[in-house]
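Biologist: I'd like to learn how to read side-chain contacts in a model. Could you walk me through them?
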Amino acid sequence: MTVVVHRASVVLSPGSPALTDGAVAVAGGRIVAVGPADEVLTAAGPDAEIHEWDGALTPGLVNAHTHLQYSDMAAVGLAAHDGFESWMSAFMELYPLPRDWGTSAAAGAALALRSGTTAVAEIVTDAAAGSAVHDAGLHGIAFWEVLGWTERAWNVDGERTVRAQLAALPTPPATGLSPHAIYSLDTAVLRDLSVLARTLGVRQHIHAAESAWEDAYVRSGTGDLAERWRANGRGEFALLRDGGVGTGVIRYLDDFGALTPSTHLAHGIYVDADDRALLRERGVSVALCPRSNAVIGLDPAPVAAYLREGNAIAVGTDSLSSSPSLSPWHDVTALHDIARAQGYADDDLHARLFAAATLGGAHALGMDADTGALRVGARADLAVFPVASDAPRDALAELVEAGPAEATLTVVGGRVRWATTTAHERITAHV
Ligand SMILES: [Zn+2]
């Protein structure tokens with residue numbers, strides 16, 4: 001079996017000492033050695049194929065919340081909105097227009113690879129977009145999004161329909177269920193989807209605590225969102241009929257058993273200390289999407305509190321319909337700035353946000369035994385990023401504070417899935 005060694009001026013992996021002149025050896029799609037370059041080269045033997053890179057070699061980034069399917073809707077994400085209502089109106093103007101969702105999703109998958117991403121939590125609403133992650137060779141989970149069901153309609157043929165939609169997604173990657181949000185599904189449907197996910201042994205991913213609208217909706221069945229839904233014929237949803245449940249979104253989800261270590265949430269903005277404690281207790285990760293929140297005109301998430309209190313966090317770009325790019329480093333930079341503005345002064349900030357964008361994302365997807373860190377036996381999911389400094393500490397600061405939009409090289413499961421022209425020439429020169 002051919003052993004391929006990637007040697008770089010800096011090697012960074014969450015939880016491991018940073019290396020100057022480090023290397024990773026890959027065989028059969030797995031990491032077989034990682035450490036100082038001289039040791040790895042010796043272990044790899046004289047027949048190894050060796051590639052040397054200027055820059056920082058890291059685990060591939062994990063985008064823990066995205067909709068690659070919406071890559072064709074960048075016009076919405078490049079505009080500024082002054083709240084969830086105006087963003088949703090702009091989104092709904094474009095969404096129903098006929099378009100090729102498969103091509104749109106494939107373009108998004110290519111951008112993800114180009115940004116150094118090797119695994120995604122991808123949400124799919126259209127079967128044509130269902131194979132993009134698979135076809136691009138990305139790891140992660142394709143979540144089938146479920147929304148719009150009233151309890152009455154669900155009881156007719158809901159579960160059968162969703163089972164068939166999920167079964168139509170190609171594997172790998174793994175598949176999962178994404179109950180869209182607490183306001184777009186009736187309470188009994190959300191409860192049944194949690195049971196269905198457990199029955200099928202798949203993970204759940206839910207948009208939660210994203211807007212103040214949603215908060216008023218769940219607490220008291222009031223506000224603009226509630227009125228909009230009533231006007232759209234959803235007045236029979238239990239939350240609207242009963243005037244809410246008097247709690248926030250996190251407690252509501254927990255009350256019918258949706259919060260388990262097999263579920264991860266996106267956004268998590270409108271959460272208090274009790275909510276965060278409940279998320280820790282239930283082992284639920286939150287994928288933070290700060291640039292999407294800013295484009296929509298929402299408040300920033302309590303990043304400093306999540307960090308201080310020790311919640312499991314990950315990083316998501318959301319889609320191009322609410323974000324200017326699919327580069328997780330750009331969201332890491334936004335999280336850095338938010339945490340500092342919220343008073344987080346500890347000097348572990350760079351390391352913790354790097355961990356959130358790699359191992360934290362893998363953990364959110366239940367894949368941390370297999371990806372998210374450079375470890376012997378893990379899948380060879382890695383990327384090389386251009387950095388100016390050869391000193392690991394400075395290189396990490398560069399990545400976190402001014403992350404590059406584009407990787408030099410992206411390797412998924414040992415296969416090169418993206419390389420800049422120069423990098424590509426260097427690789428093919430060996431073959
Ligand atoms: Zn989203």
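Modeller: Happy to! Rings of Phe, Tyr and Trp count as a pair if their centres lie within 6.5 Å, and planes under 30 degrees apart count as stacked. Keep in mind that this is a predicted model. The structure holds 15 aromatic pairs.

Biologist: How are the rings of Phe 91 and Tyr 95 arranged?

Modeller: A pair of aromatic rings is described by the distance of the centres and the angle of the planes. For Phe 91 and Tyr 95 the centres are 5.4 Å apart and the planes at 20°, so this pair is stacked. Phe 91 is buried at 8% relative accessibility, while Tyr 95, at 24%, is partly exposed. Both belong to one aromatic cluster, whose members include Trp 87 and Trp 213.

Biologist: Which parts does the pair of Trp 329 and Phe 354 tie together?

Modeller: That pair is stacked too, with 6.2 Å from centre to centre and 15° between the planes. Trp 329 lies in helix H15 and Phe 354 in helix H16, so the pair ties together parts 25 residues apart in sequence. Both residues are buried.

Biologist: And what about charged side chains?

Modeller: Side chains of opposite charge can pair when their charged atoms come close. The structure holds 20 salt bridges. In one of them, Arg 7 meets Glu 52, with the closest N and O atoms 3.4 Å apart. Arg 7 is in strand S1 and Glu 52 in strand S4, so the bridge ties together parts 45 residues apart in sequence.

Biologist: Which residues are linked with Arg 30 in a network of salt bridges?

Modeller: Asp 370, Arg 379 and Asp 381. The closest N and O atoms of Asp 370 and Arg 30 are 2.8 Å apart, and these two residues are 340 residues apart in the chain.

Conventions. Residues numbered from 1 in each chain as written. Predicted model: local features only at pLDDT ≥ 70, side-chain atom pairs only at ≥ 80, totals over all residues. Heavy atoms only, no water. Phe/Tyr/Trp six-rings, centres within 6.5 Å; stacked < 30°, edge-to-face > 60°. Buried < 20%, exposed > 50% of the residue type's maximum accessible area, 1.4 Å probe, protein only. Helix = DSSP H or I, 4+ residues; strand = E, 2+ residues; numbered from the N terminus. Salt bridge = Lys/Arg side-chain N within 4 Å of Asp/Glu carboxyl O.
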